Amino acid sequence: MKELILVTGGTGYIGSHTVVELIEAGYQVVIVDNLSNSEAKVVDGIEKITGVRPPLEVCDCSDFDAFKTVFDKYHTISAAIHFAASKAVGESVEKPLDYYRNNLLSLINMLKLLSANNGKGFVFSSSCTVYGQPDVLPVTEQAPIKPAMSPYGNTKQICEEIIRDATHAGLSFKSIILRYFNPIGAHPSAEIGELPLGVPQNLIPYVTQTAAGIRAKLKIFGNDYNTPDGSCVRDYINVVDLAKAHVIAVKRLIEAKSSDKIETFNLGTGRGLSVLEIVKSFEKATGVKLNYEIVGRREGDIEQVWANPDYANQVLGWKATSTVEETLLSAWRWQEKLATR
Ligand code: UD1
C-alpha cells in the first residue's frame with residue numbers, strides 16, 4: 001500500500017511542487033490548505049502533470065478542532081510536510097501578532113496531532129533567514145543562529161526550537177528541518193508556479209511581471225553593498241530541485257534511515273548570485289530586455305548569503321542540478337501562462 005503523506009500548504013508555491021514530486025515518487029498525498037495565499041485550482045495543475053488529483057482539505061492548521069477532523073478522516077498518515085505559514089517579511093513587521101499566532105499555533109497543532117496519530121516522520125520548512133548575515137560564507141548548518149531581522153524570521157527560529165523541545169519531550173516521530181535559501185522558478189510544464197498576490201515582494205516574480213509589462217520597472221535595492229557588483233547576493237534554488245529534497249527527506253524518515261531524532265539540512269546550490277547577475281541571466285535565458293533602475297537599499301536586507309549544501313549532498317544524496325538560466329526560463333514560461341488565464 002502507498003504511504004500517505006499530509007502536506008500542509010500544499011496548494012502554495014513550494015508545497016504544490018512538492019506534491020507533484022511526491023505523487024511521481026509513488027506516494028499518496030492529502031493537501032491541507034486554508035487558501036489564504038493560494039487557489040484551489042492549483043490542484044488542477046497538479047492533476048495535469050501527474051494524472052492524479054490529490055484531495056484538498058480546506059482547513060486552517062491554527063484551528064485545532066478543524067485540523068483534527070482531517071487527521072480523523074485520514075487516519076493512516078505516515079508523515080507530514082508542514083509548509084503552511086505566513087511568509088511575507090514586510091507584512092510580518094506590520095502584523096507581528098498574526099504571524100506569531102498563525103505560524104506557531106499551526107506548528108504546535110501539527111506536532112500534537114501527528115504524534116497522537118503515531119506519524120513516522122515530520123518535515124519542517126525553515127529558512128536561511130535563521131542565519132541572518134553569517135560571519136562565514138558559504139554558510140553551514142553549524143553556523144550560529146543570529147537574532148531575527150523580522151517577526152517572520154523569528155517564527156522560523158522559534159518553530160525550530162519548538163520542534164527540538166517537543167522531540168526531547170518524546171514525540172512519536174523523527175523530524176527533518178529543511179532550511180531553504182531562495183526558491184525560484186516553476187515546474188517545466190508551466191502548469192504550476194508562484195502566484196504572488198498583489199505587488200510581488202520577492203525578486204523573481206517582480207522580474208517576470210516587469211518583463212511582461214505588468215510592472216513598469218524593476219527596482220534594484222542597492223548597489224553599494226560590499227559585494228563584487230554592489231548588489232545583494234543570494235543562493236537561488238530551483239523549486240523543483242527543492243521539492244525533490246522533500247521526497248528524499250520523507251523516505252528517509254519513513255524508512256528510519258537515521259538514528260538522529262532531528263536532522264537539519266541547508267537546501268541551496270552553493271552558489272551566490274547578485275541581483276544584477278540575475279537580471280543578466282534572465283535577459284540571456286529569455287531574450288527579453290528588462291527595464292530596471294538602481295534605488296536605495298531595502299530595510300532589513302542582508303548583504304550576502306549562500307549555502308554550503310555539502311551535508312545535504314552527502315547525507316541525503318541530493319543536489320540542486322538545474323542551471324539558473326533554465327530556472328529563470330521556467331519562471332518566465334509560467335508568467336506567460338498566467339497571462340493567458
Ligand atoms: C526573504 C527572506 C527569506 C524568505 C523570503 C520569502 C530574509 C533575509 N530573507 O528573502 O527568509 O524566505 O524572503 O519571502 O528575511 N530585490 C530587489 N528588488 C525587488 C525585490 C528584491 O532588488 O523588487 C532584491 C533584494 O534586495 C534581495 C534579493 O533581491 O537582495 C532577493 O530578495 P527576495 O526575493 O525578496 O528574497 P530575500 O529577501 O532574500
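Select Asn109 first: at 6% relative accessibility this residue counts as buried, where buried means under 20% relative accessible area, exposed over 50%, and partly exposed in between, with a 1.4 Å probe and protein chains only. The model on screen is a predicted one, in which local features need pLDDT of at least 70 and side-chain atom pairs count only at pLDDT 80 or more, whereas totals for chains, interfaces and linings use all residues. Residues are numbered from 1 along each chain as its sequence is written, and side-chain values use heavy atoms, with hydrogens and water left out.

Asn109 is found in helix α5, residues 96-116; helices (H or I, at least four residues) and strands (E, at least two) are DSSP runs numbered from the N terminus. Which residues does Asn109 touch, not counting those up to four places away in sequence? They are Cys61, Ser62, Asp63, Phe64 and Phe67, a contact being defined by heavy atoms within 4.5 Å.

**From Phe67 to the aromatic pairs**

A search of the whole structure finds 6 aromatic pairs, where rings of Phe, Tyr and Trp (its six-membered ring) pair if their centres lie within 6.5 Å, and planes under 30 degrees apart count as stacked, over 60 as edge-to-face and the rest as tilted. The rings of Phe67 and Phe71 have their centres 5.3 Å apart and their planes at 65°, so this pair is edge-to-face. Next, select Phe122, Phe124 and Phe173, which ring pairs link into a cluster.

**The ligand and its shell**

Now centre the view on the ligand. Of the 20 residues around the ligand, Ser127, Leu203, Lys219, Arg234 and Asp301 come nearest; a residue is near a molecule or strand if one of its heavy atoms lies within 4 Å of it. Which residue has a polar side-chain atom 3.0 Å from an oxygen atom of the ligand? That residue is Tyr152, and the term polar contact stands for a pair of N or O atoms within 3.5 Å; within protein, one must be able to donate a hydrogen and the other to accept it, and residues adjacent in sequence count only if both atoms are side-chain atoms. For the backbone, show Gln201, where a polar backbone atom is 3.5 Å from an oxygen atom of the ligand, and Phe221, where a polar backbone atom is 3.0 Å from a ligand oxygen atom.

Taken alone, the ligand exposes 750 Å², and the protein buries 90% of that, with accessible areas from the Shrake-Rupley method with a 1.4 Å probe and, for residues, only the protein chains shown counting as cover. Colour α7 (203-211) and β8 (218-221), the elements that give two or more residues to the shell around the ligand; the largest share, 4 residues, comes from β8. By residue class, the shell divides into 10 nonpolar, 5 polar and 5 charged, where Ala, Val, Leu, Ile, Met, Phe, Trp, Tyr, Cys and Pro count as nonpolar, Asp, Glu, Lys and Arg as charged, and the others, Gly among them, as polar.

**Backbone geometry**

Most residues other than glycine have a negative phi, and most peptide bonds are trans. Against that background, select Leu137 and Pro138, which are joined by a cis peptide bond with omega about -5°; Pro138 lies in the loop between β5 (121-127) and α6 (151-168).

Is Asn118 buried or exposed? With a relative accessible area of 59%, Asn118 is exposed; this residue is found in the loop between α5 and β5, and its phi is near 55°, a positive value in a residue other than glycine. Ala190 also has a positive phi, near 60°, and lies in the loop between β7 (182-184) and α7, but counts as buried at 9% relative accessibility.

**Two last stops**

Select Ser274 in strand β12 (residues 273-274), a buried residue with a relative accessible area of 2%. Leaving aside neighbours within four places in sequence, Ser274 is in contact with Asp229, Ser231, Cys232 and Val233. The C-alpha atoms of Ser274 and Ser231 are separated by 5.7 Å, although the two residues are 43 residues apart along the chain.

Finish at Thr327 in helix α11 (residues 324-339), which is buried with a relative accessible area of 2% and, leaving aside neighbours within four places in sequence, is in contact with Ile184, Gly185, Asn238 and Ser322.
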